[in-house]
Amino acid sequence: MQLDPLVKPRSVAIVGATDRAGPGRSVVESLGAIGFSGAIYPVNPKYQTVLNHVCYPSLTDLPEAPDVMVFSIRKPLLPEQVRLAVKRGARAAVIYDAGFAELGEEGARQQAEIAGLCREAGMAVCGPNCMGILNPTARVTTYKQTLMDTNGLAGNVGFISQSGSVCIAILSDLRRYGISLSVSAGNEAVTRTVDYIEYLIDDPATKVIATFTETVREPERYVAALDRAAAVGKPVVVLKVGRTERTQRAITSHTGGLAGESRVFSEMLRAHRAIEVTDLDEMTEVLAVCQGERWPRSRGISVITGSGGLAEMILDNATAAGLDLPPLSSAERAEAERVIGRITGDGNPFDAWGNGDYAVNLPHAMSVVDRSDRIGAVVYCADTSNEGHVGHPGRVLENVKMLADAAKASHKSYYLMSSRPGVMNAQQAK
């Protein structure tokens with residue numbers, strides 16, 4: 001099944017387009033905001049124009065068969081409109097409305113009827129019960145929320161979610177990465193998470209793939225896709241819900257899926273080199289780390305701080321997570337203390353406060369651990385924020401510059417880590 005008409009269409013028809021507030025207006029507005037250069041066809045017998053576009057009374061009146069049909073109409077009208085879309089030769093569809101497989105047997109029957117029509121016609125379908133697709137790199141959108149600001153949207157993360165609200169959450173904070181494609185897949189009546197993963201593996205704009213997953217409907221294809229993504233060097237980051245019996249029941253009533261056994265799924269992800277995360281904070285941090293120009297070549301990590309307390313907290317958390325923090329060797333410790341002064345603990349995490357001259361101590365600490373053949377990545381952990389009530393306001397940026405300078409001179413991976421997730425100085429990105 002071809003996904004291009006769904007993911008990067010050259011023409012978009014909006015059934016239920018309107019001048020009133022709602023998805024039927026938002027899509028038309030957003031296509032203009034994102035700079036879509038293709039044809040836009042509002043469809044609604046109540047209007048002659050919608051936002052200065054000619055509005056057509058019916059799908060049969062369109063001047064051409066559109067790549068994608070966006071159905072911003074209620075469920076009772078859908079079967080007839082889908083038949084018209086198939087007859088008109090539309091190549092793909094987005095169905096927003098809910099009330100299908102997630103509601104039980106009758107809803108599942110209605111969803112299967114629509115899915116059968118689309119499959120027979122070879123139409124890729126996003127939904128039903130979804131929010132649509134946003135493709136900043138191709139400058140096209142069928143996402144049902146209005147795009148207010150397109151600056152900073154485009155990036156290298158392909159995101160697929162079976163929850164619309166999780167798409168909203170991810171798109172609400174794009175300070176450290178952008179989106180190559182965002183898919184709110186909904187009930188996945190025709191086109192499923194694995195289809196989008198396979199598409200993104202071959203997409204040159206995508207460097208990393210992330211999913212919010214309730215259920216995997218084609219396990220063998222899914223596993224094969226994970227293997228192929230790993231083979232081409234594209235990490236797949238997965239947030240899988242359904243770890244409790246109550247959550248599994250909730251999934252059935254949300255998208256009509258079956259959650260599966262959480263422990264088995266986690267083992268499968270590990271075996272096929274995917275990265276599992278447990279919440280959106282963790283997913284955000286992993287996606288930010290994936291923006292690095294270089295991947296670590298070994299598992300050893302050296303964490304540098306200016307605080308004994310932070311060093312102790314990091315060591316507790318790293319040990320619990322099974323991370324490899326090799327202590328300084330006796331020779332490395334001697335070289336570090338020659339310049340910095342006394343170092344607490346075993347030197348990893350590395351409290352580089354020492355004699356208090358951070359402008360000297362921090363670069364020297366980085367140079368010591370950079371030369372270690374046991375270290376694949378260097379992490380500097382500090383307190384970062386846009387502004388504070390105490391302390392030197394430029395200190396964070398000075399230290400970040402030292403980190404950036406060390407990274408430029410090294411073949412290893414360097415990372416900046418805040419002592420608290422979600423807190424960052426906006427200037428440090430510059």
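**View 1. Tyr41 and Tyr56 are both buried.** Here, buried means under 20% relative accessible area, with exposed over 50% and partly exposed in between (1.4 Å probe, protein chains only). This is a predicted model, in which local features need pLDDT of at least 70, side-chain atom pairs count only at pLDDT 80 or more, and totals for chains, interfaces and linings use all residues. Residues are numbered from 1 along each chain as its sequence is written, and side-chain values use heavy atoms, leaving out hydrogens and water.

**View 2. Trp353 and Tyr358 form a tilted aromatic pair.** Their ring centres are 6.1 Å apart, with 45° between the planes. Rings of Phe, Tyr and Trp (its six-membered ring) pair if their centres lie within 6.5 Å; planes under 30 degrees apart count as stacked, over 60 as edge-to-face and the rest as tilted. Trp353 is partly exposed, at 44% relative accessible area, whereas Tyr358 is buried, at 10%.

**View 3. Lys75 meets the ring of Phe100.** The charged end of Lys75 sits over this ring, 5.5 Å from its centre. For a charge to sit over a ring, NZ of Lys or CZ of Arg must be within 6 Å of the ring centre and within 35 degrees of the ring normal.

**View 4. Lys240 lies over the face of Phe265.** Here the distance to the ring centre is 5.3 Å.
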